[in-house]
Amino acid sequence: MGVGSDIETTSTSILKPSSTSPPHPLLDTYVPLTIFDEAAFDLHVATLYAFRAPMPTNSAMKDGLSKVLSHFPHLSGRMCPDPNNNRPSIHLNNAGVRVIETRTADTLADRLPLDPSDELALLHPPTDASVEYLLQVQLNRFACGGLVIGVTSHHRVADGHSMSGFLVRWAEEVRGLGMDSFPYLDRAAVSVPRSPPRSEFNHRAIEFKEGHDSAAPSPRSCSVIENLVVHYSAEFVSGLKRMVSEDEAVPTRRCSTFECLLAHVWKKITKARGLGESESSQVRVAVNGRARMREPAVPMEFFGNLVLWAYPRLSTGEILKESHAYVVKAIHDSVAKVDEAYFRSFIDFGEMISTGEVGELSATAPEAGNSLCPNLEVDSWLRFNFHDLDFGTGGPCAFLPPNLPVEGLLIFVPSCKDKGAVDVFLALSGEHVEIFKEISHSLD
């Protein structure tokens, strides 16, 4: 259902890290953006989490947030150049985060399910480029006692894995459990280049673009971008995985839920777009470096950006005519190539930029309003700990990213409806939506 316009803002405040905690050792330092930060989207990412009553009071929620911010100083800082060298940096100045409190006479049941729509922007803080806060939280209190939490964070401060961990730590503070693990904040240690640095892959044309040398596709504008969510039940997912694993023509190892479902959705979107069989299509697949880097190993608690991308590519004829297993293998083989050697090469490439061996570059992340057609970009949040986001009365009953601004973006999220199910959030051109809906669950 829609959100309506009867949401009343009752308070807007700046919340700073708890004064009862000792000052963080990094306080008032400038932390330069890493090469991974600079490759990320330069925008604020919004997410919504809905919780049924009872929920802790707003005062308890803010108290827990203030305490946990003491351990995550980047989120209370500001993005600005380091005055000593003019490098893009995060100033850890404890300037604080913005907290907005609202209320409505509606019940949460009146508003569920939270379907993607422009109206959902009323439930989270603004995300325009002028926003200086690196973290914002909006507490939307419903008449029944239910709560929808809208969160925005700047992507160049932290990736989705990091923010998932932060939110779980906040919930633990609200519950009075304290923190059983702490973030790893030494960004410099994670991005140490080899001596001498050696960039072994064409990062200039893959993760970045430089003038006319970029291999990134030219962006296209899309007049109408529609957001939708498609639910794939646990039964559908298990059946899809079984079909792929039993395909004798394309022997595969045990395939993941992500690989199988991405292959399926790639097929269906390609068909809905009506692409010619001679065209080629690629998917930009996010790969988490925490599971790749071994020497030295990077703690899973590392807070920042540590994501690169694989680019499986097939002709549209292959996508449409070959089996699911064939497409799964293409995805798996491409992701496997983004290994430790690739991440180390990328770090060295960042060092070469900082020393002037490589000119200034721009990230290849698409801009709002663009269309990726015939390509796609996907993030998997299937391993994020959303079900651990428990403020004392259970996990969220609904979760969604409220707006995907680029046609062809996909996000895979563990469903709140049933264990093993997946919700796929996607943005498509309006002319392709109805066709996709008709065929989204067909295994033909």
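Is F51 buried or exposed, and what is its relative accessible area? F51 is buried, at 1%. Buried means under 20% relative accessible area, exposed means over 50%, and partly exposed lies in between (1.4 Å probe, protein chains only).

1. **Ground rules.** This is a predicted model, in which local features need pLDDT of at least 70 and side-chain atom pairs count only at pLDDT 80 or more, while totals for chains, interfaces and linings use all residues. Residues are numbered from 1 along each chain as its sequence is written, and side-chain values use heavy atoms, with hydrogens and water left out.

2. **Aromatic pairs.** A pair of aromatic rings is described by the distance of the centres and the angle of the planes. Rings of Phe, Tyr and Trp (its six-membered ring) pair if their centres lie within 6.5 Å; planes under 30 degrees apart count as stacked, over 60 as edge-to-face and the rest as tilted. The count comes to 14 aromatic pairs. One of them joins Y49 and F399. Y49 lies in strand β3 (residues 44-51) and F399 in strand β18 (residues 398-400), so the pair ties together parts 350 residues apart in sequence. Helices (H or I, at least four residues) and strands (E, at least two) are DSSP runs, numbered from the N terminus. Both Y49 and F399 are buried.

3. **Back to F51.** F51 pairs with F391 in edge-to-face fashion, with 5.5 Å between centres and 85° between planes. This pair also links distant parts of the chain: F51 is in strand β3, and F391 is in the loop between β17 (376-380) and β18, 340 residues apart. F391 is buried, at 3% relative accessibility.

4. One aromatic cluster is formed by F36, F208, F343, F346 and F349. Elsewhere, the charged end of R284 sits over the ring of W309, 3.8 Å from its centre. The rule asks for NZ of Lys or CZ of Arg within 6 Å of the ring centre and within 35 degrees of the ring normal.

5. **Helix α10.** This helix covers residues 324-336. The expected span is 1.5 Å times one less than the number of residues. For the 13 residues of α10 that gives 18 Å, and the end C-alpha atoms are 18 Å apart, which agrees. Its buried residues are H324, A325, V327, V328, A330, I331, S334 and V335. They pack against several elements, including α7 (234-245), α8 (257-273) and β12 (280-288). Contact means heavy atoms within 4.5 Å.

6. **Strand pairing.** Two strands pair if DSSP finds at least two bridges between them. β12 and β17 are parallel, over three bridges. V283 has L376 in β17 as its bridge partner. β17 also runs parallel to strand β19 (residues 409-414), with four bridges. Here E377 has L409 in β19 as its partner.

7. **V168.** This residue lies in helix α4 (residues 160-174). V168 is buried, at 5% relative accessibility. V168 touches N385, D388 and L389, leaving aside residues up to four places away in sequence. V168 and D390 are 222 residues apart in sequence, but 7.4 Å apart in space, C-alpha to C-alpha.

8. **Cysteines.** A disulfide is a pair of cysteine sulfur atoms within 2.5 Å. The count comes to zero disulfides. For C144, the closest cysteine sulfur is in C397, 9.3 Å away, too far for a bond. C144 is partly exposed, at 39% relative accessibility, whereas C255 is buried, at 6%.
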